[in-house]
Amino acid sequence: MKEFQRKIERFFYRNRSKGIPNLMLYIAIGNILVYVIDAVDPSHALYYALMFDRAAVLRGQVWRLFSYMFLPGYGNPIVLVLMMFVYFQLGRVMESRCGTLKFNCFYLSGVLIIDIAAMLTGWPFLSINTLHYSFLLAYATLCPEDQMLLFFLIPIKMKYLACLYLALVVLDFFQGNFFAVFALLNYLIFFGADIRNILPSLGRYHHVMSAEERRRSNPHAAPLPKWAEQDRRRRKEAPRDYRHKCTVCGRTDTDNPGLEFRYCSRCRGYYCYCADHINNHTHIQ
């Protein structure tokens with residue numbers, strides 16, 4: 001299973017530029033345009049033509065499975081513009097970190113999961129906001145220490161905001177709102193392996209010793225400047241003409257001398273990653 005995940009990550013990396021670039025920009029502009037048109041049209045014909053309708057889908061109006069992505073979920077125009085700007089910023093960062101193809105698959109698979117759930121359960125109304133909220137989790141997984149202004153006033157780290165969202169999802173589940181859980185399922189498919197980036201250590205406190213603390217605790221310990229090479233010899237790996245090789249994409253410091261490589265402290269063993277994947281990979285346990 002881990003080898004399969006690595007192959008998927010390599011596929012996304014090798015095709016990271018494929019897909020629809022700036023997808024969230026088109027979604028945001030579409031939401032604002034539909035809001036303006038619907039505001040000046042008293043019949044709301046465009047809104048009713050784009051909204052999700054299970055019976056209409058079964059009659060052949062299959063565009064309704066995706067067109068509700070452009071229906072604004074906020075009645076206040078100021079709130080709508082602000083939220084679209086936030087979603088656009090989150091999507092832009094995620095696309096730059098994950099690649100265009102992976103971000104497109106993440107977004108469109110979330111829409112597909114919600115569609116399947118709505119067709120099976122007969123849920124009468126769908127809102128894309130349910131999927132957009134999962135962006136908080138995905139962004140927090142990639143950038144847990146980044147800050148966002150809660151209510152546009154209170155600075156809060158993304159990992160704490162994501163924990164708050166998880167609590168709200170659990171509350172909605174017990175209140176009968178299952179679609180938040182379906183959006184969460186899409187997040188788990190793409191970023192579930194790294195969910196520990198935002199979860200607490202469940203009461204276990206791990207103190208990371210500094211170099212000075214390690215020296216004081218064991219002043220006679222000798223440094224190990226070649227610990228990676230020693231680990232490779234211990235695992236009886238064959239000699240090679242490079243020093244570092246990314247576990248995800250396979251690039252080496254010989255082929256890419258200007259590329260930075262690091263070792264992940266959360267993977268079990270000494271696994272090397274390039275600068276593009278040190279914060280964006282499935283941890284090996």
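This tour moves through the model stop by stop, naming what to select and what is found there.

The model is predicted, so local features are limited to pLDDT of at least 70 and side-chain atom pairs to pLDDT 80 or more, while totals for chains, interfaces and linings use all residues. Residues are numbered from 1 along each chain as its sequence is written, and side-chain values use heavy atoms, with hydrogens and water left out.

**Stop 1: helices H7 and H8**

Select residues 100–121, helix H7, together with residues 129–142, helix H8. Helices here are DSSP runs of H or I with at least four residues, strands are runs of E with at least two, and both are numbered from the N terminus. Two packed helices are described by the angle between their axes and the distance between the axes. The axes of H7 and H8 come within 11 Å and cross at roughly 135°. Each axis is a line fitted to C-alpha atoms, for helices over the stretch in contact, and angles run from 0 to 180 degrees between N-to-C directions. H7 and H8 are therefore oblique to each other; angles under 35 degrees count as roughly parallel, over 145 as roughly antiparallel, 65 to 115 as roughly perpendicular, and the rest as oblique.

The crossing of H7 with H8 is right-handed, a term for a near helix turned clockwise from the far one by less than a right angle, whereas anticlockwise is left-handed. Display the side chains next. On H7 the contact is made by Phe-103, Phe-106, Tyr-107, Gly-110, Val-111 and Ile-114, and on H8 by Leu-131, His-132, Ser-134, Phe-135 and Ala-138. Contact means heavy atoms within 4.5 Å. By class, eight of these residues are nonpolar, three are polar and none is charged. In this classification Ala, Val, Leu, Ile, Met, Phe, Trp, Tyr, Cys and Pro are nonpolar, Asp, Glu, Lys and Arg are charged, and the others, Gly among them, are polar.

**Stop 2: helix H2 against H7**

The axes of H2 and H7 lie 10 Å apart at an angle of about 40°, which makes H2 oblique to H7. Leu-23, Met-24 and Ile-27 of H2 meet Phe-103, Asn-104 and Tyr-107 of H7. This contact comprises five nonpolar residues, one polar residue and no charged residues.

**Stop 3**

Most residues other than glycine have a negative phi. Asn-22 is partly exposed, with a relative accessible area of 37%; buried means under 20%, exposed over 50%, and partly exposed in between (1.4 Å probe, protein chains only). Then move to His-44, in the loop between H2 and helix H3 (45–50). Phi of His-44 is likewise positive, near 55°, and His-44 is partly exposed at 31%.

**Stop 4**

Val-93 belongs to helix H6, residues 77–98, and is partly exposed at 23% relative accessibility. Leaving aside neighbours within four places in sequence, Val-93 is in contact with Tyr-139 and Cys-143.

Glu-145 sits in the loop between H8 and strand S1 (147–150) and is partly exposed at 43%. Beyond its neighbours within four places in sequence, Glu-145 is in contact with Lys-157 and Lys-159.

**Stop 4: the salt bridges**

The count comes to two salt bridges, each defined as a side-chain nitrogen of Lys or Arg within 4 Å of a carboxyl oxygen of Asp or Glu. Select Arg-251 and Asp-276, whose side chains meet at 2.8 Å, N to O. Arg-251 lies in the loop between helix H12 (227–234) and strand S3 (261–263), and Asp-276 in the segment after strand S4 (272–274), so the pair ties together parts that are 25 residues apart in sequence. Asp-276 is partly exposed at 36%.

Glu-260 forms a salt bridge with Arg-262, the closest N and O atoms being 2.5 Å apart. Glu-260 is partly exposed at 40%, as is Arg-262 at 47%.

**Stop 5: His-277**

Finally, select His-277, in the segment after S4. Is His-277 buried or exposed? His-277 is buried, with a relative accessible area of 2%. Its contacts, leaving aside neighbours within four places in sequence, are Tyr-13, Cys-246, Val-248 and Cys-249.
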